[in-house]
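Subject: Structure for you to look at

Dear colleague,

Here is the structure I said I would pass on. Please open it alongside the notes below.

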Amino acid sequence: MVIKKLVFSVLLLTFAFSSAQESKVKIKQVAAQFVRGADVQDGELLKEVLEPKSLQYVLVGGKLNTFSAKEYIKMVNDKQLGGKPRKITYRHAEFLGKNLAVVVLNAVSEEYDFLYQLSMTKLADGKWEIVGVTAEINGV
């Protein structure tokens, strides 16, 4: 009986760990799509992952700039931003609750190093979406 309980507990923990890892993959995929949307200047990719009323706070050279999702997508579509491929390095991906998560990553191009903190929420349909972006951009 003790062995059955032990085996059941191990299986339950394995499933829980596997499920958490699978979910981390999902939030990292949302983060990667956000970066890729700008890299390939595709506003549709951004629309899929950005909450329409979300804001971005971007620190460049000590100056803070704020953009709405709509403004950001328009700038990307108009080729004012993005267009250069970046390599992503994940620093942190964590769940803050059942439906909240944060991903911190660097996205580095030949010219710039973008440090992003992406705040996410999981909607009722199970889809993860970015509700806030904080970024610092530095030269390489």
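Confidence. This is a predicted model. The chain has a mean pLDDT of 90, with 85% of its residues at 70 or more. The stretch to set aside is residues 11–18, where pLDDT stays under 50 and the model has zero contacts beyond four places in sequence. Where pLDDT is low, the coordinates should not be read in detail.

The sheet. Six strands make an open sheet with mixed pairing, in the order E2-E1-E6-E5-E4-E3. Its edges are strand E2 (63–68) and strand E3 (87–95), each of which pairs on one side only. On average, neighbouring strands are turned by 15° against each other, direction ignored.

The hairpins. E1 and E2 run antiparallel and are joined by six bridges. Val 58 is opposite Asn 65 in E2. Two residues separate the strands of this hairpin, and in the turn Gly 61 has a positive phi of about 55°.

Strand E4 (residues 100–108) pairs with E5 in the antiparallel sense over nine bridges. Val 103 has Leu 118 in E5 as its bridge partner, and three residues lie between the two strands of the hairpin.

Strand E5 (residues 112–122) is also paired with strand E6 (residues 128–139), again antiparallel, over 11 bridges. Along this pair, Asp 113 stands opposite Asn 138, and Met 120 has Ile 130 as its bridge partner. The hairpin of E5 and E6 has five residues between the strands, and Gly 126 takes a positive phi near 90°.

The helix across the sheet. Helix H3 (residues 69–77) lies across strand E1 (50–60) and E2, and runs at about 95° to E2.

The pocket. The largest pocket has a volume of about 420 Å³. Which residues lie nearest its centre? They are Leu 81, Gly 82, Arg 86, Phe 114 and Ile 137, out of 20 lining residues. By class, the lining has 12 nonpolar, five polar and three charged residues. Helix H1 (2–39), E1, E2, H3, E5 and E6 each supply at least two residues of the lining.

Regards

How values were computed. Residues numbered from 1 in each chain as written. Predicted model: local features only at pLDDT ≥ 70, side-chain atom pairs only at ≥ 80, totals over all residues. Heavy atoms only, no water. pLDDT = per-residue confidence, 0-100. Contact = heavy atoms within 4.5 Å. Pairing = 2+ DSSP bridges. Helix = DSSP H or I, 4+ residues; strand = E, 2+ residues; numbered from the N terminus. Axes fitted to C-alpha atoms, helices over the stretch in contact; angles between N-to-C directions. 1 Å grid on protein atoms, 1.4 Å probe; cavity = no way out; pocket = protein on both sides within 12 Å on 5 of 7 lines; lining within 4 Å. Points joined across faces, edges and corners; volume = space filled by probe spheres on them. Nonpolar A, V, L, I, M, F, W, Y, C, P; charged D, E, K, R; others polar.
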